[in-house]
Amino acid sequence: MAQKTALKNSLITDIAVCAVWSLFVLVVTGCDLALMGPLQIVILLAGFAGFAFLIIKNGGSNKEARIAAIISILAIAVRTFYVLYTGAQQRQHDMGEFETFHEYNYHAEYIEYLLNNHRLLDEDITKHWQFYHPPLQHIICAVFFGIYRSIAPGFAHNWDALQSLSLFYSLVTLAVAKRFTELWKMSPKAKTLAYITFAFHPQLIVFSGALNNDPLSVMFAAAALYLAIVWYNDEKKPFLKLMGISLCVGLGMMAKLSAGIIAVPIGFLMVKAFFESGKKLNLVLWYIVFLMVCAPLGLWYQVRSYVLWKVPFTYVAKPDIILNPGLVIDQPFWKRFLSFGDGVDYNIISETLDSAVFDGDYYRDHTLLALIGYFLLASFTVLVITVFANMIVTWTKERSLMNLVMTILFVSQLASYIYFCFSFPYTCTMSFRYIVPTVIAGAYYTGKSKDLSPNLLSLLTTASVYAFAVISLVFHALIWIKG
């Protein structure tokens, strides 16, 4: 019991530390490299040195703990640097431009509307593109920026400041990922390999500077699954932990409805706990309260949109195919998986792999970045292949609840994504950012390779993970040169 309490306190401490570092970066740098002079650079580096020292000091004294601390330091450093060289209108998805009117269609306008009007847009959301999303991220950004410009009126147009929020979400997700490895029954080396897989994934680095609702929804989804596993493992099945799961699922859906897919593995754990419990009536009552908290949080915006404008609960805005006819995919089912080659932009497998490492950006017109990017994509492709191989090997050698939970996570995310790709047959639909929680399962089966896979597969997995991590780190330390 003492160990569980320590773990809980440690996660809460991690979240507080993530908040302190994100605010420190904002205060010192304004989240903009252009605003930094020599003094700010010295303060930032000194602060990071102190931060790194605390991570090492509190990380543990054994070899694996120190390695994990170094991984965390490097992961935080690359995320912080990415935020500094990436502006509020660089490498973003559907953000538009701040202080530019586009008839209320983009995330930036969504944030500004809430900031200036203190209420939701009272117009049919189907006519305003990104306004169909639930507003949690936009509300947080509006409140945060309102406070920021009140405290620092001289920076009232520095929208890059909002990236301190994205940095916070990204760092909390990283902290939760580290906690996942402590739940997994693996050797210390296996846990290190799993953590590396997560820490340097390009999509999660990009999320540190992304201002749309993806980083927030992924943070809550990861936290919800983590808490669900902790709750299930606790013999007492405490009510407050269950409510924490409910809040995370509901808030994740209030950021982005698709975050609700995480309820599939969580629901499995809840059902299993019910059949194993000797107090089934208590759990039924608790589950009712769970839904009473989760459902209103996650669905109130969809209910509002349906009541006011008869918008379906599962409504997703479609791209403008009149202005962008090249987005439309009109290919048979088999070609979406089996057709490869130059000019093929409709293959779900290749496009998803590409978006996982480049997030839809184009780097082939820069020789150095194109070369590094080639090796980054190649190493990630090998890593993905080994993940599926290791999953098969793990299932043949070990039957465990964690295997089942991670596989349910994997399958539910991929099934939803494939359905989405065919329901909305556009090139922009094929993006890894829609299935980021699969990285958790991928990290798990990568770690399992150390303990269960044949030597050759284990060696290949380890090599691909380290190559992927190092190349990703180098790539994201250099892409600022492209602008």
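E109 touches T100, F101, H102, E103, Y104 and F131, leaving aside residues up to four places away in sequence. Contact here means heavy atoms within 4.5 Å. The model is predicted, so local features need pLDDT of at least 70 and side-chain atom pairs pLDDT 80 or more, while totals for chains, interfaces and linings use all residues. Residues are numbered from 1 along each chain as its sequence is written, and side-chain values use heavy atoms, without hydrogens and water.

E109 sits in helix α4, residues 107-117. Helices are DSSP runs (H or I, at least four residues), numbered from the N terminus. E109 is buried but has no salt bridge. Buried means under 20% relative accessible area, exposed over 50%, and partly exposed in between (1.4 Å probe, protein chains only). A salt bridge needs a side-chain nitrogen of Lys or Arg within 4 Å of a carboxyl oxygen of Asp or Glu. The nearest side chain of opposite charge, R119, is 14 Å away. A polar atom of the E109 side chain does lie 3.3 Å from the backbone nitrogen of E103.

M253 belongs to helix α10, residues 239-255. M253 counts as buried because its relative accessibility is 13%. M253 touches P134, A259, G260, G298 and L299, again not counting residues up to four places away in sequence. The C-alpha atoms of M253 and A477 are separated by 33 Å, and the two residues are 224 residues apart along the chain.

L285 is found in helix α12, residues 280-309. With a relative accessible area of 45%, L285 is partly exposed.

Methods
Helix = DSSP H or I, 4+ residues; strand = E, 2+ residues; numbered from the N terminus. Lys, Arg positive; Asp, Glu negative; His and termini not counted. Polar contact = N/O pair within 3.5 Å; in protein donor to acceptor, adjacent residues only side chain to side chain.
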